[in-house]
Amino acid sequence: MMLNTTFILYALTATLATNLLLFLYQQLSSPLRRIPGPFWARFTRGWYFWRVSKGHFEHESISLHKQYGPIVRLAPGWYSCNSTDALKKIYAPGSKFTKSDWYDGWRHPHPSQWTLFTDKNNKRHGEAKKRFSALYSLSSLVSYEPFVDRCVDLFLDRLREFSHSKKEIDLGYWMQCYTFDVIGCITYGERYGFLDEGQDIQGAIQAVGSIGRFSTLMGIYSEWYPLAFKINGYLNGSGAGGRTFVANFAREKIEKHKQEQQEEHLEKGGDVKILDRDGISREPFMTKMIRSHRQDPEKVTDYHLFMVAQSNVIAGFDTTAISLTATMYHLLKTPRVLQKLRDEIRAARASGKLADNDRINFHESQDLPYFKAVVKEALRVHSAAGLPFWRVVPEGGVDVEGIHFPEGTVLGTSSWVSHYNEDVFTNPTEFQPERWIDQDEAKLKAMNELYMPFGLGSRTCIGRHISTLEMSKLIPVLIDKFNLEIVSSPAKEGDWETENFWFVKPHNLKVRVYERFKE
Ligand code: HEM
């Protein structure tokens, strides 16, 4: 018995030692061994996990590139890239690179539960994206505009109340209420109701937000993800309740829309598009999708209906709220820019370019060059996504910055690294919308090549026009009608707090609101 135990111990030690030696040999003989990076990143993903878990990796990744150059090792076989050459090769439209296993952390572990954002199957992803891209296109925005108008009106009503009561508010939280309700309206034609009371209904804002931390960290050890997912479901504070609320809301609305269309179909003897006086359809996503589902249930399946509805919320609500909050934060911190923007809006109003005194049309907002530069600059200095967009090198490998990366290597670039590239962006930490206007063509081209708040290539954000609509209809009216004042707190040392678990979220941006009355 004693002999057996000793033998097993020897065998285990020998196996471990052999594996360790083999691992060290592979690392030290790898053609990529000369790529610099933090010491422990050579041997384990644990270093990356630890640093990301601190919640500020967007800044750390910029420093790492300053220290080590355009390619930095972040884990064995994972390299962060900072160059135009890398972006062109990794994210080229039609490239064969696939999303890496890190994205598994963002999906339900069952293989049937894929989403556009997480799909590693390029073929299936391409087909689905093509099928639904018209719903998100620039030309479809006009049909969603009345939904956004309703939410903007309600948001401004709330601000008027805060102005009267002089109550301090968390601006980031109220932006979340706005974007959650807008996405509900655009998707189902109905608000969730966050703007009514400012309540986080069933903890849904908190829950969808909490997905970020878990998914970001577990994606680094994606082989453990299915187990962690199961355990997480049993834990308090996992946000399961809020997620269930969002999923149930989707199921309930899908059923309701199906039933209504069925009744309408029977009554009118066929599918009918609801057009307004201008001949424009003002229908939410679900109405359009269910019509396509009725026409061809194999092409637009029940799963597609649910997947698109869920993706809109999970990928679209926080990202847009963060971008709105960041834009307001930088405007408030840079009074020169705020004043210039107000002047542009006032001049547009004075010259009769804005039809309504209390609202702004999307096409009018796109005729305000300084406003567009403000939003572009805000998304440069504060991109909502703050970690590399990891991709797997396909068969044949790839040459980046003169280094050959074999098939299976994981490469990625974070928009923060790209947007703070000092070779291309002069004084990158400064909020200067003018850099997008007063610029020579060559410089502008170089900046645009590195600009990636919505990602790049075939996996670019499908909802980017919708988020532009949401921002363009709120910010000009908000700054025209209200003064906002940041309430400084000693803990924040006059600045704001952010936390990065893929989404770089502002916390506790407390402001006071004052209604502006025109002279
Ligand atoms: C300012 C707001 C937004 C920002 C900054 C943003 C950012 C991004 C980024 C960076 C990606 C690509 C990630 C990657 O390559 O891994 C992405 C993808 C995606 N976004 Fe957005 N997003 C925003 C708003 C929205 C909205 C409003 C929706 C939905 C209505 C949406 C839906 C999606 C979807 C479905 C994908 C996956 C696309 C694909 O893989 O083909 N996003 N977004």
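Tutor: Helix axes are lines fitted to C-alpha atoms over the stretch in contact, and angles run from 0 to 180 degrees between N-to-C directions. The model is predicted, so local features need pLDDT of at least 70 and side-chain atom pairs count only at pLDDT 80 or more, while totals for chains, interfaces and linings use all residues. Residues are numbered from 1 along each chain as its sequence is written, and side-chain values use heavy atoms, with hydrogens and water left out.

Student: At what angle do α14 and α19 pack?

Tutor: Helices are DSSP runs (H or I, at least four residues), as strands are (E, at least two), numbered from the N terminus. Helix α14 (residues 335-350) packs against α19 at about 100°, with the axes 10 Å apart. Angles under 35 degrees count as roughly parallel, over 145 as roughly antiparallel, 65 to 115 as roughly perpendicular and the rest as oblique, which makes α14 roughly perpendicular to α19. Contact means heavy atoms within 4.5 Å, and here Leu338, Leu341, Arg342, Ile345 and Arg349 in α14 meet Pro476, Ile479 and Asp480 in α19.

Student: How are α7 and α19 placed relative to each other?

Tutor: Helix α7 (residues 171-188) and helix α19 (residues 464-481) pack at about 130°, with axes 11 Å apart, and are therefore oblique to each other.

Student: Which side chain meets that of Asp101 in a salt bridge?

Tutor: Side chains of opposite charge can pair when their charged atoms come close. A salt bridge is a side-chain nitrogen of Lys or Arg within 4 Å of a carboxyl oxygen of Asp or Glu, and by this rule the count comes to 34. In one of them, Asp101 meets Lys120 at 2.8 Å, N to O.
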